[in-house]
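Please open the structure in your viewer and display it as a cartoon.

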Amino acid sequence: SPSPIPAFKLNNGLEMPSIGFGCWKLDKSTAADQVYNAIKAGYRLFDGAEDYGNEQEVGEGVKRAIDEGIVTREEIFLTSKLWNNYHDPKNVETALNKTLKDLKVDYVDLFLIHFPIAFKFVPIEEKYPPGFYCGDGDNFVYEDVPILETWKALEKLVKAGKIRSIGVSNFPGALLLDLFRGATIKPAVLQVEHHPYLQQPKLIEYAQKVGITVTAYSSFGPQSFVEMNQGRALNTPTLFEHDVIKAIAAKHNKVPAEVLLRWSAQRGIAVIPKSNLPERLVQNRSFNDFELTKEDFEEISKLDINLRFNDPWDWDNIPIFV
Ligand code: NAD
């Protein structure tokens with residue numbers, strides 16, 4: 001059986017696997033099997049979200065593995081994310097309950113605020129997940145909900161036993177600072193886009209200094225957004241064929257994907273790569289058997305061009321990263 005994945009200790013004493021399986025864009029028709037197969041391949045953390053529209057299927061895959069005695073619920077680490085339409089404290093529990101029902105569990109291990117953006121509430125019966133729908137055709141409509149109000153609602157759900165750890169995603173430093181001003185429970189995790197083209201050394205340094213565990217998403221840079229036909233990604237050289245990454249990979253007898261993941265791991269950052277292919281499932285979780293050198297790090301640090309692929313500015317000129 002596959003070797004266990006090392007864990008990070010979060011600031012609340014709980015453990016989180018340092019490698020997980022990303023569930024964004026998993027097709028509903030295959031998601032349950034993919035999750036089940038990932039569990040068989042040794043994955044324990046599943047990074048999902050209300051917005052991914054596949055929590056029922058993710059839950060099905062997990063349930064099958066539990067029913068067959070391959071794992072217990074306690075051995076699985078389920079991450080979900082509160083979507084933008086549910087930031088009002090009175091809607092936070094409604095959204096979480098939907099997630100718990102879909103995943104077929106009575107708690108999630110980690111619940112993140114997906115974006116520091118509050119869209120107008122859309123009832124679950126009207127559209128789920130609502131995506132960019134705010135109840136008014138194609139128009140974006142917002143709600144005046146300070147982040148701290150949403151956070152306090154999450155803290156209550158931790159106390160109620162429905163969430164083990166809470167954290168945030170796509171937050172810049174200023175919003176982390178503000179959260180610290182009023183939070184009773186510190187954010188355990190910060191999940192951000194992170195790859196050689198977007199290294200954010202100061203954000204990572206700050207988060208780690210104050211005890212927040214950082215998780216990288218889109219570790220392979222443009223790849224995930226090329227699949228969505230995003231112009232910015234299509235115009236950016238793939239990291240899999242990048243001379244610098246290829247040379248480092250060749251030197252260590254590895255493939256570029258392993259270098260990209262190992263680079264995060266050596267910065268103390270958790271990763272959640274997504275793949276449909278069995279051989280990549282193995283590759284993406286067994287990259288920790290080599291050491292990038294100081295020179296490798298220096299070479300990779302030169303690739304930083306602060307290039308963000310997942311930017312709400314593209315949605316409606318929302319200025320969270322400006
Ligand atoms: P990713 O960087 O993991 O890239 C995924 C794509 O890379 C795959 O579809 C596949 O085509 C390719 N790939 C995977 N393994 C490979 C390998 N070993 N060799 C070559 N190609 C390989 O992209 P992602 O899905 O955007 O990010 C991972 C996860 O992060 C998501 O599934 C999701 O769970 C999470 N995420 C979170 C947010 C957020 O706002 N919090 C945003 C994006 C993604």
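In which hand of crossing does α1 pass α2? The crossing of α1 past α2 is right-handed, a term used when the near helix is turned clockwise from the far one by less than a right angle, anticlockwise being left-handed.

This is a predicted model, in which local features need pLDDT of at least 70 and side-chain atom pairs count only at pLDDT 80 or more, while totals for chains, interfaces and linings use all residues. Residues are numbered from 1 along each chain as its sequence is written, and side-chain values use heavy atoms, with hydrogens and water left out.

**The whole chain**

Of the 322 residues, 55% are buried (under 20% relative accessible area with a 1.4 Å probe, protein chains only; exposed is over 50%, partly exposed in between).

**First selection: residues 28-40 and 55-67**

These are helices α1 and α2, whose axes come within 7 Å and cross at roughly 35°. Axes are lines fitted to C-alpha atoms, for helices over the stretch in contact, and angles run from 0 to 180 degrees between N-to-C directions. Show the side chains in the contact (heavy atoms within 4.5 Å): among them are A31, V35 and I39 of α1 and V58, V62 and A65 of α2.

Helices α3 and α4 pack here at an angle of about 45°, with their axes 9 Å apart. That angle makes α3 oblique to α4 (under 35 degrees is roughly parallel, over 145 roughly antiparallel, 65 to 115 roughly perpendicular, and the rest oblique). The crossing of α3 past α4 is right-handed. On the α3 side, select P89, V92, E93 and L96; they meet E149, T150, A153, L154 and L157 in α4.

Finally, centre the view on I248, which lies in helix α9 (residues 243-251). Is I248 buried or exposed? I248 is buried, with a relative accessible area of 5%. Leaving aside residues up to four places away in sequence, I248 touches V259, L292, D296, E299 and I300.

How values were computed: Helices (H or I, at least four residues) and strands (E, at least two) are DSSP runs, numbered from the N terminus.
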